[in-house]
Amino acid sequence: AYVDVGAYDGDTVAEFFSEKLPYSRIYAFEPDAHSFKKLKQNTSHIENVVSINAAVGEKAGLARFSGEGSMNSHVGEGENEIEVVTIDGLGDEIGAIKIDAEGLDREVLYGAVNTICDSHPEISVAVYHRAGDIYDLSRLLLYYDPSYRLYLRKIDYIPAWDIFVTAK
């Protein structure tokens, strides 16, 4: 399965699907209600997409959420509450994970430690939200699985500073 954390409007789900890679299921997580509606609409033609209106983190539960209907939505503050799930809690064999969790990328990795150690999925994680993420998240990935090869990737999206570390 492919997991998209911070699926926004489905753009990366559509990109993954266009690559015609084999998959059993696509899990697309988006906590913002407005973006989630777009996600559902934009991926309705793709088979086996499970769109989930929730945040992904270290532990399952509830969290405060500020949903702005944009890429600036974030978990941790705000007037709304949102469900939080973990990748480890999916109970599926995961082959690839994309994480763009607006600064909570480390917490998503904490909640995926068993999946990473057991399944060795390809991971692409945003490292542009916090100054130390490029080093800290890279070290965390190598701690979880020292056999990973890491690559720094500049994604051709707006905003222009979207930088990811990909672990293969």
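These questions and answers cover a predicted model of one protein chain.

Q: How many helices and how many strands are in the chain?
A: The model is predicted. Its secondary structure includes helix α1 at residues 11–18 and strand β11 at residues 163–167. In the chain, the count is five helices and eleven strands.

Q: What percentage of the residues of the chain count as buried?
A: Buried means under 20% relative accessible area. The chain has 168 residues. The share that counts as buried is 43%.

Q: What share of the contacts with a separation of 6 or more comes from residues 24 or more positions apart?
A: A contact means heavy atoms within 4.5 Å. Take the contacts in the chain with a separation of 6 or more. Residues 24 or more positions apart account for 60%.

Q: How much of the accessible surface of the chain belongs to carbon and sulfur atoms?
A: The accessible surface comes to about 8800 Å². The part that belongs to carbon and sulfur atoms is 50%.

Q: Where do the buried residues of α1 fall, seen down its axis?
A: Helix α1 has Thr12, Val13 and Phe16 as its buried residues. Their directions fall within an arc of 105°, so they line one face of the helix. In general, an α-helix has 3.6 residues a turn, so residues three or four places apart point the same way. For α1, the place asked for is one face, within an arc of 105°.

Q: Is Thr43 buried or exposed?
A: Thr43 lies in the loop between α2 (33–42) and β3 (49–52). Beyond four places in sequence, Thr43 touches Gly10, Val13, Val49 and Ser51. The relative accessibility of Thr43 is 3%. The cut-off is under 20%, so Thr43 counts as buried.

Q: Which residue joins its side chain to that of Thr166 by a polar contact of 3.4 Å?
A: Thr166 sits in strand β11. Thr166 is buried, at a relative accessible area of 5%. Its contacts beyond four places in sequence include Glu122, Ser124 and Tyr151. The side-chain partner at 3.4 Å is Ser124.

Technical notes. Residues numbered from 1 in each chain as written. Predicted model: local features only at pLDDT ≥ 70, side-chain atom pairs only at ≥ 80, totals over all residues. Heavy atoms only, no water. Helix = DSSP H or I, 4+ residues; strand = E, 2+ residues; numbered from the N terminus. Buried < 20%, exposed > 50% of the residue type's maximum accessible area, 1.4 Å probe, protein only. Polar contact = N/O pair within 3.5 Å; in protein donor to acceptor, adjacent residues only side chain to side chain. Arc of directions from axis to C-beta. Areas by Shrake-Rupley, 256 points an atom, 1.4 Å probe, with all protein chains shown as cover.
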